[in-house]
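Subject: Structure handover

Dear colleague,

Please read them with the model open beside you.

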Amino acid sequence: MGTSSRPLALYEQIKQSLIREMDAGLLKPDDRVPSETQLSQSFNTSRMTANRALKELAEQGRIVRIQGVGTFVARPKPDAALLEIKSIAREIADWGGIHSCEVLLLAEESANKEIAARLNLRPGDTVFHSILLHKDRGVGVQYSERFINPAVAPAYLDQDYTRITPSDYLLETAPVQAAEHVIEAVRCPAHVLKLLGLDAAEPCLRLTRRTWSFDRVATYSTMIFPGFRYQLKGTFNRRSIQ
């Protein structure tokens, strides 16, 4: 008897059943997927078996498991801007989401040695510091930390970033002359994992960016994305750095 005639293992039966429902449009992007308990009851199997099926579907990018919230059908993976400086609110709108923002920190600080070097300032010079959590339909999708040279954006701390994104404000106030990007796969810090609703084993992408405006370093930013929800894609053209 060929291998194609062998009965599927129970976890594989659960996977195939869910895939058929997703492919047929019975389970659409953002729909809640039955829980481990519901699946184990429906297929008369253990929760461990149901957990394996859901884990493999998550690894394949078909579903998203958000700790403490539930399991949902994944959306098609969007392209996050790489070379183009683009507002996260516009990115989220482009893939059909609803943007919101939680301001975790907005302050004036003295630059430490590392931040001063990144911004071409002296240690102890004043910098503006923001930490924001950007969300799509209430779920964290980007953790964003920025250090800003006050000389290029003196009113940065006066903005309401629940209504306008830092990128929108900075692109209007300090047009970008050039940008430097570094992308890394990283272990996500515990506090960021919690904010993004991730398990410790789930991968993260970190985009580090410096921008120049008015012939000086304007910003030094770090953005962390859930790796299974994003791909970073860049197209270079002159407009991307104007």
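Asp-215 counts as exposed because its relative accessibility is 68%, where exposed means over 50% relative accessible area, buried under 20% and partly exposed in between, with a 1.4 Å probe and protein chains only. Most residues other than glycine have a negative phi. Asn-44, which is not a glycine either, has a positive phi of about 55 degrees; it is placed in the loop between α2 (36-42) and α3, and with 71% relative accessibility it counts as exposed.

Please bear in mind that this is a predicted model, in which local features need pLDDT of at least 70 and side-chain atom pairs count only at pLDDT 80 or more, while totals for chains, interfaces and linings use all residues. Residues are numbered from 1 along each chain as its sequence is written, and side-chain values use heavy atoms, with hydrogens and water left out.

The chain has seven helices and ten strands, taken as DSSP runs (H or I of at least four residues for helices, E of at least two for strands) and numbered from the N terminus. Of its 242 residues, 45% are buried.

Two aromatic pairs were counted, a pair being rings of Phe, Tyr or Trp (its six-membered ring) with centres within 6.5 Å, and planes under 30 degrees apart counting as stacked, over 60 as edge-to-face and the rest as tilted. In the tilted pair of Tyr-156 and Tyr-161, the centres are 5.1 Å apart and the planes 40 degrees; both Tyr-156 and Tyr-161 are buried. The rings of Tyr-156 and Tyr-169 have centres 6.1 Å apart and planes at 55 degrees, so this pair is tilted. Because Tyr-156 lies in the loop between β6 (139-148) and α6 (166-173) and Tyr-169 in helix α6, the pair ties together parts 13 residues apart in sequence. Tyr-169 is buried, as is Tyr-156, and ring pairs link Tyr-156, Tyr-161 and Tyr-169 into a cluster.

Finally, among contacts (heavy atoms within 4.5 Å) between residues at least 6 apart in sequence, 64% join residues at least 24 apart.
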